[in-house]
Amino acid sequence: MRSVTESDRQPLSSLSAVVLAAGAASRLGHRPKCLLELDGVPLIVRLLKALREVGIHEVVVVLGHYASAIEVAIAAIPVKQVLNPHPQAGQVSSLRLGLQALPTAADVLVALADQPLIDAQDLRALIDAYRHRPPAAQVVQPAVQGLPGNPVMFSALVRQEILASDESVGCRQWQTAHPSQVHAWATDNPHYRQDIDTVDDLRALAAGSGRALSWPPAWRDASDSA
């Protein structure tokens, strides 16, 4: 696999996004995390609206588990939907499907559909950090107190290299193989580290931010009031 060099680095001319929403949420009662609501709006809808607000109109949403329910929730938003027929294969498989569906010339923002507090301001800050990345950097990832966060941005050339690699290679594996071309963007914004995997995450979010998430009626169960 050819390594991306500094001379390959291109200015940000166009930007697309991949939103990963194919997971089973096995640690959260097997319910679609991205349909959790903040102020009555599903998390995935909030994210897609934020992406459009910052000017990203080429968006691919990768679905898997709960695809039919999520499709209904985002039906009014003009995005491209891709179904991962084997979501149990893991996040790398979903990422690769999303990248395959994007224009080849675009830089890429990869977002998780279950980050409750990511908004347009956070996206703009990440995009600005990517625009001003060090000359050799091909990937920019938020680093909150030294810990990696999301979303992540990378160049069209990284996208090409990932797709030209073995099916086990995603963004994380590319970063491991090319550490000198990864820029850990230091930020104190906790939004980039917050996602929802467990009931404890829901409680921690409410305690730490004062923002409570709730399930839509179709996905509530008796334990939600406990």
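These legends describe close-up views of a predicted model.

**View 1. Strand S1 is covered on both faces.** Strand S1 spans residues 15-21. Seven of its seven residues are buried. On one side lie Leu 15, Ala 17, Val 19 and Ala 21.

**View 2. Strand S1 pairs with S4 and with S6.** Strand S6 covers residues 107-112 and runs parallel to S1. Six bridges join S1 to S6. Strand S4, residues 58-63, also runs parallel to S1. Six bridges join S1 to S4. Val 18 marks a position in both pairings: it stands opposite Val 110 in S6 and opposite Val 60 in S4.

**View 3. Helix H3 has buried residues covered by strands and helices.** Helix H3 runs over residues 91-100. Its buried residues are Ser 93, Ser 94, Leu 95, Arg 96, Gly 98 and Leu 99. An α-helix has 3.6 residues a turn, so residues three or four places apart point the same way. The cover over the buried residues of H3 includes strands S1, S4 and S6. It also includes strand S9 (152-154). Among the helices, H5 (156-164) and H6 (171-177) contribute to this cover.

**View 4. His 178 is a buried loop residue.** His 178 sits in the loop between H6 and strand S10 (182-187). Its relative accessible area is 8%, so His 178 counts as buried, the cut-off being under 20%. The side chain of His 178 reaches the backbone oxygen of Trp 174. The distance is 2.9 Å.

**View 5. One cavity of 30 Å³ or more is found in the model.** The volume of the largest cavity is about 30 Å³. Its lining consists of Leu 43, Arg 46, Leu 47, Gln 115, Pro 116 and Ile 118. Four of these lining residues are nonpolar, one is polar and one is charged.

**View 6. Strands S3, S2 and S11 form an open sheet.** The order is S3-S2-S11, and the pairing is antiparallel. Strands S3 (41-42) and S11 (213-214) are the edge strands, and each pairs on one side only. Strand S2 holds residues 37-38. Two bridges join S2 to S11 in the antiparallel sense. Glu 37 stands opposite Ser 214 in S11.

Conventions: Residues numbered from 1 in each chain as written. Predicted model: local features only at pLDDT ≥ 70, side-chain atom pairs only at ≥ 80, totals over all residues. Heavy atoms only, no water. Buried < 20%, exposed > 50% of the residue type's maximum accessible area, 1.4 Å probe, protein only. Helix = DSSP H or I, 4+ residues; strand = E, 2+ residues; numbered from the N terminus. Pairing = 2+ DSSP bridges. Contact = heavy atoms within 4.5 Å. Polar contact = N/O pair within 3.5 Å; in protein donor to acceptor, adjacent residues only side chain to side chain. 1 Å grid on protein atoms, 1.4 Å probe; cavity = no way out; pocket = protein on both sides within 12 Å on 5 of 7 lines; lining within 4 Å. Points joined across faces, edges and corners; volume = space filled by probe spheres on them. Nonpolar A, V, L, I, M, F, W, Y, C, P; charged D, E, K, R; others polar.
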